[in-house]
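Welcome, and thanks for taking a look at this one with us. Please have the chain open beside you as you read on.

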Amino acid sequence: MTVHFIGAGPGAADLLTLRAVNLLERSSVCLFAGTYLDAAVLAHLPADAERIDTQRLDLNDITRLMAEAHARGADVARLCSGDPSIYSALAEQTRRLDALGVPWEVCPGVPAYAATAAVIGRELTAPEVTQSLVLTRAQRDSTKMPPGEELTNFARTGATLALHLAIRHTDRLCAELAEHYGMECPVVVGYRVSTPDELVLRGTLTSMPALVADAGLRQAAVILVGPALASDDFVESHLYSACRERPTGN
């Protein structure tokens, strides 16, 4: 029996992968953070599955529950919001499970920034506008950022930014970023995208702090920043260029 770390996507039950649904259907124990999850996701579990909301549990409690379930011979679904590869505490949990000899595996999911980009119908990279996407977070009352990963360093590149765990610091972040992107740089905030509570805010580095404050957003949101969010004046991609040399058949 195994602990399955499953990317629950941005929250909607129909944005789970087929693999994720299959794993949920055969898991008799499921740990999830209720803040970030549409309850419909849990409908994929067996009717008698044990459902554990981890909002008020620390990593030691969560690890203990997973290890105990494994010892009982249960498959365990550990749901992670978005994709487990970023800001999911996957590394901390798997390190603990390894120490206990508990097997585990990872099933990827749809990240919140990708779901937000889909809702607004925007590619986050545009030819000769920006070809890079930086996934990062705010740092104030959380884990210290490593040297060199200050937000201003990323902003100097002009890349599209996807800011996680940052919505409470919108005022400060917009002011910092305006020095590099300009006050009128487009900003999009996606809150619980794909769920019934979905809210998408569109504005600029000037207007977004007030929009976020008016909406009362405090969590479960991703902030996208960069010129690609509004640019229509870009060159055609070489990949699909009419003048690109095409392979010929024999």
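## Positive phi in the loops

Ser194 sits in the loop that runs between β8 and β9. This is a predicted model, and in it Ser194 has a positive phi of about 90° although it is not a glycine. With a relative accessible area of 23%, Ser194 is partly exposed.

Ala220 is another residue other than glycine with a positive phi, here near 55°. You will find Ala220 in the loop between α7 and β10 (221-225). Its relative accessible area is 18%, and a residue counts as buried when that value is under 20%, so Ala220 is buried. A glycine is worth a glance here too: Gly216, which follows α7, has a positive phi near 70°.

Which residues of α7 (residues 208-215) are buried? Met208, Pro209 and Val212 are. These residues cover an arc of only 105° around the axis, which puts them on the same side of α7.

What do the buried residues of α7 pack against? Their partners are α6, β8 (186-191) and β9 (199-204). On the face of α7 turned away from the buried side, you will see the exposed residues Ala213 and Asp214.

## Thr170 in helix α6

Thr170 belongs to helix α6, which covers residues 170-181. Is Thr170 buried or exposed? Its relative accessibility is 3%, so Thr170 counts as buried.

A polar atom of the Thr170 side chain lies 2.7 Å from the backbone oxygen of Ile167. Once neighbours within four places in sequence are left aside, Thr170 is in contact with Met208, Pro209, Val212 and Ile223. Among these, Met208, Pro209 and Val212 are the buried residues of α7 met above.

## How α2 and α3 cross

Now turn to another helix pair. Helix α2 (residues 59-71) packs against helix α3 (residues 90-100) at an angle of about 45°, and their axes are 10 Å apart. The two helices are therefore oblique to each other, and their crossing is right-handed.

Which residues make the contact? From α2 come Leu59, Asn60, Ile62, Thr63, Met66 and Ala67, while α3 brings Glu92, Gln93, Arg96, Leu97 and Leu100.

Conventions
Residues are numbered from 1 along each chain as its sequence is written. This is a predicted model: local features need pLDDT of at least 70, side-chain atom pairs count only at pLDDT 80 or more; totals for chains, interfaces and linings use all residues. Side-chain values use heavy atoms; hydrogens and water are left out. Helices (H or I, at least four residues) and strands (E, at least two) are DSSP runs, numbered from the N terminus. Buried means under 20% relative accessible area, exposed over 50%, partly exposed in between (1.4 Å probe, protein chains only). A polar contact is a pair of N or O atoms within 3.5 Å; within protein, one must be able to donate a hydrogen and the other to accept it, and residues adjacent in sequence count only if both atoms are side-chain atoms. Contact means heavy atoms within 4.5 Å. The arc is that of the directions from the helix axis to the C-beta atoms. Axes are lines fitted to C-alpha atoms, for helices over the stretch in contact, and angles run from 0 to 180 degrees between N-to-C directions. Angles under 35 degrees count as roughly parallel, over 145 as roughly antiparallel, 65 to 115 as roughly perpendicular and the rest as oblique. A crossing is left-handed if the near helix is turned anticlockwise from the far one by less than a right angle, and right-handed if clockwise.
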